[in-house]
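Subject: Handing over the model

Hi,

Here is the structure I promised to pass on to you. My notes on domains, ligand and helix packing follow below it.

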Amino acid sequence: MDNILNIVWFRQDLRIEDNPALFKAAENAIILPIYILDDENANDWCMGEASRWWLQKSLQSLNKSLNGNLHLFNGKADEIIPDLIEKTDATGIYWNRCYEPWRISRDKKIKAELLTNNIKVRSFNGSLLFEPPNIKKADDTPYKVFTPFYKKGCVENGPPPRELVTNLPKLIFKKNISSKNLSDLSLLSDIPWYRHMEEIWSPGEKGANERLNQFLEHGIQNYKIGRNRPDKEFVSRLGAHFHFGELSPHQAWFRVKNLTQSSDTKDSIEHFLSELGWREFSNNLLYYWQELPENNLQKKFDRFPWINDSTNLKKWQHGLTGYPIVDAGMRQLWKTGYMHNRVRMVTGSFLVKNLMLDWRHGERWFWDTLLDADLANNSASWQWIAGCGADAAPFFRIFNPIVQGEKFDPNGDYVREYIPELSQIPTKFIHKPWEAPEDILLKAGIILDKDYPLPIVDLKLSRERALSAFKSLSENN
Ligand SMILES: Cc1cc2nc3c(=O)[nH]c(=O)nc-3n(C[C@H](O)[C@H](O)[C@H](O)COP(=O)(O)OP(=O)(O)OC[C@H]3O[C@@H](n4cnc5c(N)ncnc54)[C@H](O)[C@@H]3O)c2cc1C
């Protein structure tokens, strides 16, 4: 054992439990756990501000679980790793696979170089239930449509999700290797915008498990219907925990599958599992269509006449569009680093269809502000909303923010929480304050266009404009 030193390279698997790379590396060997902040290779897709706050906390938590033995580095992994191996005489390196295009090409390069130097390189499946190379159609091409992908490709015919890895060997650590301090990674900006986040989120493996437990106790029973209600607490809010790998989808999958199913909960359980399936589907799309974050999958959208309007973009970003459900969502995102899925769809549709701003503006803003910002889920979801993706919502499906608000936030509680200036408006007008009579607005203490904006676009006209722009794509075909 004395002679064998394995490096464990943590990436999007910041956990101890169910971590195949860690388990295998620690069998009969000393380990050196490392994390590298590799902004250079990530380039355009290096982590946004919100993710960096989460990462800082998550690394602290992981370091604690490793008794202070996590070694941190900052720079190009393809330079740091060979150098570290030479300095430490490590004989092997172990990691769990990641699926973003830039990580795949970087990891391939590192692997090839190390193998020529007789270093053992072992990679494992840590973060997907159904890895893309294993899920193909009968004609050996990848799936483009969710339902057959999930039902036929994954659940019926795919290799089943791997078993959980249990009984972690005793960890013996290599000591005294020079590395960076957490503060050297400069993950936090000088402006402490994240104070509020600290009150509501608990990054790290412990926080992830607590959140899962809470969801299984209080949310899952009503998930199927309740998941559409931003004013209620029926969703898991596990997105960032999954993204950083503080909880594997396998841990969630088996916990949920093993719940006692009654006729009341069966549909909710199935539905939650299928949402994990959407995460798999996004990763599958990104794996096979590496341009997903940048380019329209449907090429005809390259001709779409997007409107370049930075004023409207700013109003959308800051929750000042005059449509309460849209503004509440954008302010929830800014304040908490999270936005409910239903509202992500409404705000996304509003940006792309009513304002006719390019979906990539929305994708970028979410990338910077979401705590669960995830290259696969974010880009696949934006292409879905814009109608230009593989299995996208048809372009003509334009969410009406008033109808969506009245249906999914019927009492206006969600809007009132994030737009306090509207808090005294009666429910009848909460999703369309401009229709409220003067005396009601006066009583509610609000002057429209001063305390809260009037709508920045007309819904009917902007809808017609979007539909005719879309129609022009087909005519030009
Ligand atoms: C425009 C837009 C952008 C999005 N950007 C992201 C993103 O950057 N990162 C991200 O994780 N999700 C993204 N989503 C998908 C979805 O909104 C979030 O996964 C979900 O809201 C996270 O909250 P939750 O954990 O409470 O979800 P739950 O409903 O509790 O779902 C549990 C888990 O299933 C997965 N999941 C659920 N819905 C989806 C979905 N539609 N697509 C893929 N995976 C899903 C997530 O991992 C989620 O944590 C986006 C959706 C839209 C419409």
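How are α14 and α18 oriented to each other? They are roughly perpendicular, a term that covers angles of 65 to 115 degrees, with under 35 counted as roughly parallel, over 145 as roughly antiparallel and the rest as oblique.

Before more detail, two points on the basis of all this. Residues are numbered from 1 along each chain as its sequence is written. The model is predicted, and local features need pLDDT of at least 70, side-chain atom pairs count only at pLDDT 80 or more, and totals for chains, interfaces and linings use all residues.

**Helix α14 with helix α18**

The axes of α14 (residues 324-336) and α18 (residues 401-408) cross at roughly 75° and come within 8 Å. Helices here are DSSP runs (H or I, at least four residues; strands are E, at least two), numbered from the N terminus. Axes are lines fitted to C-alpha atoms, for helices over the stretch in contact, and angles run from 0 to 180 degrees between N-to-C directions. On the α14 side, Pro324, Ile325 and Val326 meet Pro401, Gln404 and Gly405 of α18; contact means C-beta atoms, placed from the backbone, within 7 Å. This contact of α14 with α18 divides into four nonpolar, two polar and no charged residues. In that scheme Ala, Val, Leu, Ile, Met, Phe, Trp, Tyr, Cys and Pro are nonpolar, Asp, Glu, Lys and Arg are charged, and the others, Gly among them, are polar.

**Domains**

The domain assignment gives domain 1 (5-126), domain 2 (127-162 + 205-288) and domain 3 (299-475), with bounds from an automatic or database assignment. The centres of domain 1 and domain 2, taken over C-alpha atoms, are separated by 25 Å. Between them, 17 residues of domain 1 are in contact with 18 residues of domain 2. Helix α3 (residues 49-65) gives the largest share of the domain 1 side, five residues. By class, that side of domain 1 has five nonpolar, seven polar and five charged residues.

**The ligand**

Where does the ligand lie? Domain 2 and domain 3 both give residues to the shell around the ligand, so it lies between them. Ser236, Asn341, Asn377, Asn378 and Ser381 come nearest among the 27 residues around it, counted when the C-beta atom, placed from the backbone, lies within 6 Å. Elements giving two or more residues to this shell are α10 (239-243), α12 (266-288), α15 (341-354) and α17. The shell has eleven nonpolar, nine polar and seven charged residues.

**Helix α17 and its partners**

α15 and α17 pack at about 60°, with axes 9 Å apart, and are therefore oblique to each other. Met345, Gly348, Ser349 and Val352 of α15 touch Trp382, Ile385 and Ala386 of α17. That contact of α15 with α17 has five nonpolar, two polar and no charged residues.

α17 (residues 375-386) also packs with α16 (residues 359-369), at about 145° and with axes 10 Å apart. Here Trp359, Gly362, Glu363, Phe366 and Trp367 of α16 meet residues of α17 including Asn378, Trp382 and Ile385. By class, the contact of α16 with α17 has six nonpolar, four polar and one charged residues.

Best wishes

Terms used: Contact = placed C-beta atoms within 7 Å.
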